[in-house]
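User: Hi, I'm new to this one. Could you walk me through a few local features?
Analyst: Happy to, here it is.
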Amino acid sequence: MGNVREQASWTRARLGRGGPALDLLTARFARHEYAPHAHDEYTVGVTVGGLETIAYRGGRIVSGPGSIVVLEPGEMHTGGPAAPEGYAYRALYAAPALLGDGIVSGTGLPYFPEPVLHDRELTAALRRTHTDLSARPDPLEAESRLPWLLAALARRHSASRAADGAVPGARSVALTVRDRLADELLTPPSLGDLAADLGLSRYQLLRAFRTTMGVPPYAWLAQYRVTRARALLDAGVRPAEAAALVGFADQAHLTRWFRRVLGVTPAAYRNSVQDPGR
């Protein structure tokens with residue numbers, strides 16, 4: 001991290017089409033120190049380089065690479081370098097309800113007695129999700145991944161009582177959601193709206209879907225779109241046109257998922273199946 005420059009970039013993701021916003025921050029600082037301040041949201045950060053020191057709850061905490069830092073709503077805090085090389089981190093700012101989905105209702109907001117957490121699996125998942133959504137803040141992907149991870153954070157590390165994970169009628173819930181996504185693949189509905197229609201929390205819907213289908217909703221829809229795009233490519237449609245027709249943001253988005261599912265690019269696939277006489 002030598003010669004670190006002061007830099008920070010913000011990305012705004014939406015949880016579902018037309019849904020609430022959630023901000024993502026990617027920052028790398030050599031000298032910058034935050035003035036004391038507080039947020040209305042939970043701040044969930046992953047330190048990716050260097051060391052950061054934070055004044056919090058009357059003391060000081062230090063986070064290093066691989067640490068998760070959770071700062072609760074309304075808590076005053078600062079932030080600055082704790083080592084000559086500075087510090088780098090990725091953070092998201094989550095409405096309290098997103099972390100409360102995974103705990104028993106009526107127990108209040110999740111409380112994190114330890115603000116610096118060490119959870120290798122969750123750290124990797126948060127960092128990967130933050131990176132992906134900062135590059136392409138797709139609403140369904142954001143709504144499928146972020147609430148699930150934040151609820152897991154509360155269930156694993158808060159002092160609040162975790163909710164029972166079982167969702168009655170999980171298979172029926174999952175199939176209902178699957179059919180809605182397939183029917184509306186160009187403009188998929190908000191998972192929050194679907195959950196409300198089914199009398200569930202967003203976390204319960206995600207749990208029912210993942211348990212039944214084996215993947216979160218955005219990944220199922222992406223694979224379904226690939227299947228639809230493959231049929232269009234078989235018929236001679238160009239990759240860029242096929243991407244638009246099945247709901248991918250652009251050809252690059254189609255290519256990324258097409259390679260994940262089928263191992264080749266859409267153009268390579270189209271060329272391999274094209275009838276020479278066409």
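This is a predicted model: local features need pLDDT of at least 70, side-chain atom pairs count only at pLDDT 80 or more; totals for chains, interfaces and linings use all residues.

User: Which residues of H7 are buried?
Analyst: Among them are Trp220, Leu221, Arg225 and Leu233. Buried means under 20% relative accessible area, exposed over 50%, and partly exposed in between, with a 1.4 Å probe and protein chains only. Helices (H or I, at least four residues) and strands (E, at least two) are DSSP runs, numbered from the N terminus.

User: Back to phi, what about Arg57?
Analyst: Arg57 has a positive phi of about 55°, although it is not a glycine. Most residues other than glycine have a negative phi.

User: Where does Arg57 lie, and how exposed is it?
Analyst: Arg57 is in the loop between strand S5 (52–56) and strand S6 (59–63). Its relative accessibility is 32%, so Arg57 counts as partly exposed.

User: New topic: what's the strand order in the open sheet?
Analyst: The order is S3-S8-S5-S6, with antiparallel pairing. Strands pair if DSSP finds at least two bridges between them. S3 (34–37) and S6 stand at the edges with a single partner strand each, so one side of each has no neighbour in the sheet.

User: Which residue in S8 is the bridge partner of His37?
Analyst: That's His77. S3 and S8 (residues 77–81) pair in the antiparallel sense over two bridges.

Notes: Residues are numbered from 1 along each chain as its sequence is written. Side-chain values use heavy atoms; hydrogens and water are left out.
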